[in-house]
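Thanks for coming, everyone. Let me put the structure on the screen and walk you through a few parts of it.

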Amino acid sequence: MPGQTSQRQAYVLAPGEGRHYPMGRIAAVFKADGAETAHGYSISEWWLEPRTQGPGAHAHPEDDVFYVLAGTMSFLVCDRWVDAPAGSFVLVPGGTTHDFENRGEIRAGVLNFTAPGTFEEHMPAIAQWFAEHPPGMAGG
């Protein structure tokens, strides 16, 4: 409605800004999550160095949307791998087995939207897991 104001605050992040979660050959930068989005969605960037495996096949109840920003990211969706170059869009409905990895020779990145949005609360444990289990080299 015109004239209504939000309880949340608008903000702008410059390139590279956000909450960083380094995980060896993988890095995540969270732009918005939780209270910033009224728990509606989470937005993050995920960057994988060349020939880097991702988190491994997994499923969770949240929907995942990926938009490839740079390079080519390979996605597992159900039981099929698909190569997705920059500009590609991938929608993974909640409960669907998926994974991603960079099989290429250049750094690859995706913008990730997760809904609903409380994914970042899991990031300290995910970063710790990667510290204990560094990502391997991706096949091809």
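Predicted model: local features only at pLDDT ≥ 70, side-chain atom pairs only at ≥ 80, totals over all residues.

A word on naming before we start.

With that, find Val-82. This residue sits in strand β6, which covers residues 80-85. The cut-offs are under 20% for buried and over 50% for exposed. Val-82 has a relative accessible area of 30%, so it counts as partly exposed. What does Val-82 touch, once neighbours within four places in sequence are set aside? Met-73, Ser-74 and Phe-75.

Now the strands. Start with β1, residues 19-23, and β2, residues 26-32. They pair antiparallel, over five bridges. Pro-22 stands opposite Ala-27 of β2. Two residues lie between the strands, and the whole makes a hairpin. In its turn, Gly-24 has a positive phi of about 70°.

Next, strand β4, residues 63-70. Which strands does it pair with? One is β9, residues 108-115, antiparallel through seven bridges. There, Asp-63 has Ala-115 as its bridge partner. Another is β7, residues 89-92, antiparallel again, with four bridges. Here Asp-64 faces Val-92.

Thr-37 lies between β2 and β3. Its relative accessibility is 4%, so Thr-37 counts as buried. Beyond its neighbours within four places in sequence, Thr-37 contacts Arg-8, Ala-32 and Gly-117.

On to salt bridges. Side chains of opposite charge can pair when their charged atoms come close. How many salt bridges does a search of the whole structure find? Six. One of them joins Glu-120 and Arg-19, at 2.8 Å from N to O. Glu-120 is in the loop between β9 and α1, while Arg-19 is in β1, so this pair ties together parts 101 residues apart in sequence. Glu-120 is buried, at 9% relative accessible area. Arg-19 is partly exposed, at 30%. Both belong to a salt-bridge network that also takes in Glu-36.

Lys-31 and Glu-45 form another bridge, with the closest N and O atoms 3.6 Å apart. That pair links strand β2 to strand β3, 14 residues apart in sequence. Lys-31 is buried at 14%, and Glu-45 is buried at 17%. Then there is Glu-101 with Arg-103, at 2.6 Å from N to O. Glu-101 counts as buried at 8%, whereas Arg-103 counts as partly exposed at 22%.

Last, the pockets. The largest has a volume of about 290 Å³. Its lining has 16 residues, and Trp-46, Pro-55, His-58, Phe-119 and Ile-126 lie nearest the centre. Which element gives the most to that lining? Helix α1, with four residues. By class, the lining of the largest pocket holds 10 nonpolar residues, five polar and one charged.

The second largest pocket holds about 180 Å³ of space. It is lined by 13 residues, with Gln-9, Tyr-11, Ala-32, Glu-36 and Tyr-41 closest to its centre. Its lining divides into seven nonpolar, three polar and three charged residues.

Terms used:
Residues numbered from 1 in each chain as written. Heavy atoms only, no water. Pairing = 2+ DSSP bridges. Buried < 20%, exposed > 50% of the residue type's maximum accessible area, 1.4 Å probe, protein only. Contact = heavy atoms within 4.5 Å. 1 Å grid on protein atoms, 1.4 Å probe; cavity = no way out; pocket = protein on both sides within 12 Å on 5 of 7 lines; lining within 4 Å. Points joined across faces, edges and corners; volume = space filled by probe spheres on them. Nonpolar A, V, L, I, M, F, W, Y, C, P; charged D, E, K, R; others polar. Salt bridge = Lys/Arg side-chain N within 4 Å of Asp/Glu carboxyl O.
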